[in-house]
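Please open the model in your viewer and keep the selection panel at hand. The stops below follow one another, and each says what to select and what to look for there.

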Amino acid sequence: MRRSSFAIFHLMAVVVILFGLITGPRLAIINHDFLAFLSPLLPQGAILSTHVLSGCVLTLIAIAFAFVSLRNPFYGTPSKFDKLINWFGYISIILAIITGWLLWLSPQSLGLIVHGICAAAIMVYLLLHGVKHIVYKGKRVLSVLIPRNALVLLSCCVALVYCSGLGVQYFMLTQHLRLEIAPLSEHSFLEIDGLGDEPEWSRAKPVTLTTFGGANFTDGSSEVEIKALSNHSETFFLIRWQDPTQSLSHLPLEKTAAGWQVQEDGFYRFDERTYYEDKFAIMLSTTCELGGDGTVHYGDTPLNDKPQNWHGKGYHASTDGRVRDLWHWKALRTNDMYLADDNFVGAAKKVALGERRYTAGYQADGKESGAYVMNWRWYSPDTVTPKRLPIPTAEETPNKVLDWFSSTVYTPQSDSAKIGEQLPSVLYRSNRFEGDRADVRARGRWQDGYWTLELVRKHQTNSALDVDLQSGVCMWVSAFDHAQIAHTRHHRAIQLRYML
Amino acid sequence: MNITSRFILTLIIVGMTFACLWGEPPKRKAPAHSRFIKVTSDMQPLSAWQGPWHCVYDKKLNLIWEVKRDDESIHDGYWSYSWYDGNTGIADQGDCYFEASRCDSQDLIRNTNRAALCGSTMWRLPTPAELRSLIQTPNSPGSPHIASDFFPHIKNGDYWSNAADAQLPRAFRGKKRGAVAVNFHTKESLSLPYDNAAFVMLVATPPIQLSTALSGNEPITLN
């Protein structure tokens with residue numbers, strides 16, 4: 001291999017690796033708070049596709065380099081130190097490529113950790129290799145790095161590799177998981193009870209996938225199994241996922257010497273990971289792009305002219321003007337309503353200056369009435385004043401939710417709670433939503449380390465904030481183990497295919 | 001530049017980068033609204049993210065608005081009232097818990113003045129124009145057409161204005177005259193019979209103490 005050819009490979013690899021290295025840590029901050037200090041250096045926005053593209057291009061460069069090197073190797077004059085760290089670099093890059101592909105094909109938390117370690121090793125390699133050459137060669141390093149006598153060849157190679165990378169990425173992104181939705185007779189009735197024990201379910205072919213990167217799950221992962229049945233008007237989903245603990249606590253209020261306090265571990269920055277209920281989310285879209293169909297925007301300020309978020313993780317918002325449907329089942333707040341909260345991801349909403357929390361495109365569908373509300377008059381991390389107190393009963397186990405008619409208005413005089421006593425934070429003003437927000441019926445049950453959730457929705461709701469259920473629609477799922485936003489995820493979309 | 005200088009320079013650049021990254025991020029400041037300021041019941045202005053607040057000072061109209069609540073007090077947003085000013089209208093046709101009988105707008109005004117909410121004893125029903133000036137795009141789907149971040153617990157329903165003796169539409173022909181209300185769902189003004197149960201959001205001229213507190217809090221023009 002000629003020096004100029006080697007230099008072309010080298011330059012392309014440097015650029016692609018740098019893209020991977022600045023986008024990778026941004027993705028990793030979602031799971032690893034200790035990396036947050038790097039945030040000011042990292043790009044923000046819908047960068048998952050850039051990271052995946054850099055992986056595809058790097059794979060092509062590595063294959064081409066290996067092929068050319070085997071036929072006609074490049075003989076340089078490296079020192080022993082250079083040889084040693086070059087091999088360290090080669091091995092790190094190869095492992096990063098392999099683990100990257102494994103993450104795509106079969107995401108596992110272990111793979112994610114190894115991929116991250118490889119990225120850290122590549123950074124160390126770049127520091128040792130790059131800094132050494134910069135220190136020793138100074139400005140002359142540019143003449144080695146850029147093959148000035150082969151700029152035309154370089155341009156052609158860059159264009160070829162970039163286009164091939166796009167092709168590989170396109171091929172990857174069309175490899176969806178397929179969920180075949182078995183037909184259901186109009187005379188079959190499925191009870192939405194979280195059991196899924198009707199014989200009809202045995203005819204539904206399951207899709208199983210590993211979701212990863214969630215807080216509190218074992219290794220951050222949860223395996224999810226999805227089945228679906230459909231008649232002419234409705235689609236039923238039966239979803240089962242691993243969750244070692246049943247969590248039904250939601251920011252309980254505890255009486256202290258100073259007054260009532262909200263029990264929390266991150267709620268102030270809207271990233272509660274301890275005192276929260278289990279949840280499950282399903283997103284639906286008519287397109288199937290990477291990064292939750294392009295709605296995931298990483299970083300603390302990923303959207304222009306929109307406020308910084310408090311947790312530094314990112315926002316969900318659509319930037320193409322289309323709405324993605326989002327069903328958000330909550331083990332405490334909506335399960336006893338026999339509903340999932342019908343939400344959506346739309347364009348980033350207008351900023352309400354009087355609200356500390358901004359949720360960008362993640363919003364709830366409208367409702368005509370009915371709601372749960374928080375059982376405090378104003379949230380403060382110090383002390384709060386409850387809205388209502390439970391009416392004392394003979395039952396020893398207090399409910400996790402406070403019903404309107406089993407509670408009475410709070411007054412300091414009526415507050416006889418002892419220090420250490422707890423009070424629910426969730427107050428039902430009515431027993432269910434009414435209107436657009438109540439389109440998805442759902443009921444979940446937890447048993448032996450698994451949640452089983454049944455959901456049903458009409459194919460068409462005639463709401464501009466919902467996505468019609470039909471063949472070709474893609475879905476993504478996320479599990480939450482007593483976490484507010486730190487949910488599991490997966491990259492490959494699940495495409496619905498109706499057999500009816 | 002020799003090797004040693006380049007090495008030292010590299011170390012300095014890397015060190016400074018990490019020193020900057022490890023620094024404490026600046027504290028965030030709540031943004032200021034161009035029109036509204038939250039005010040506590042004892043006339044303390046708050047920043048946009050603070051609470052609880054019981055009134056909103058309206059810089060544009062130089063008024064303070066009663067803020068509805070969710071605490072079953074006299075200011076609870078769920079209570080409804082018939083239109084009554086002591087002479088005109090029909091008393092006690094709304095629903096509330098704080099009166100032995102049912103409620104009318106005069107009951108809320110009397111109780112609010114008695115409590116001197118936000119330092120004022122001059123609370124009244126707003127004019128239709130004052131109410132309409134609050135209409136804006138909703139903060140979220142299905143929410144009322146008002147700045148819900150400053151005016152929470154406002155319903156998608158009718159809010160009484162002070163304009164009485166209004167001609168009623170044909171549907172209410174038997175009722176003769178009524179009062180004007182503004183609907184924060186449809187954004188429309190409409191005439192309703194006095195005995196209709198509608199919501200109420202009171203308004204008052206800010207007391208001198210509040211104006212002083214606000215002018216000390218931030219430079220604004222009371223016009």
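Begin by selecting residues 55–203 of chain B, the stretch that UniProt, in an unreviewed entry, annotates as "domain: Lcl C-terminal"; UniProt positions are given here in the numbering used for this model, feature names are shortened, and annotations may be inferred rather than shown by experiment. Helices (H or I, at least four residues) and strands (E, at least two) are DSSP runs, numbered from the N terminus.

A word on reading the model: it is predicted, local features need pLDDT of at least 70, side-chain atom pairs count only at pLDDT 80 or more, and totals for chains, interfaces and linings use all residues. Residues are numbered from 1 along each chain as its sequence is written, while chains are lettered from A and ligands numbered from 1 in the order in which they are written.

Next, colour chain B by pLDDT, the predictor's confidence in each residue, from 0 to 100. The mean pLDDT of chain B is 90, and 96% of its residues reach 70 or more. Residues 218–223 of chain B, however, have a pLDDT below 50, and beyond near neighbours in sequence this stretch has 7 contacts in the model. Two residues are in contact if their C-beta atoms, placed from the backbone, lie within 7 Å. For the complex, the predictor gives an ipTM of 0.88 and a pTM of 0.91.

Staying in chain B, select B:Gly51 and B:Pro52, which are joined by a cis peptide bond with omega of about -5°. B:Pro52 sits in the loop between β2 (45–46) and β3 (55–58) of chain B.

Now show both chains together: 24 residues of chain B are in contact with 28 residues of chain A. On the side of chain B that touches chain A, the residues divide into 12 nonpolar, 7 polar and 5 charged; Ala, Val, Leu, Ile, Met, Phe, Trp, Tyr, Cys and Pro count as nonpolar, Asp, Glu, Lys and Arg as charged, and the others, Gly among them, as polar.

Axes are lines fitted to C-alpha atoms, for helices over the stretch in contact, and angles run from 0 to 180 degrees between N-to-C directions. The contact is made by A:Val131, A:Ile134, A:Val135 and A:Tyr136 of α4(A) and by B:Ile3, B:Arg6, B:Phe7 and B:Thr10 of α1(B).

Within chain A, helix α1 (residues 3–28) packs against helix α4 (residues 109–137) at an angle of about 135°, with their axes 11 Å apart. Here α1(A) is oblique to α4(A), and the contact includes A:Ile17 and A:Leu21 of α1(A) and A:Gly116 and A:Ala119 of α4(A).

Then select residues 110–128 of chain A, one of the stretches that UniProt lists as "transmembrane region" in an unreviewed entry. The chain there is 100% helix and 0% strand, with end C-alpha atoms 27 Å apart.

Finish at A:Asn216, which has a positive phi of about 75° although it is not a glycine.

Notes. Parallel < 35°, antiparallel > 145°, perpendicular 65-115°, else oblique.
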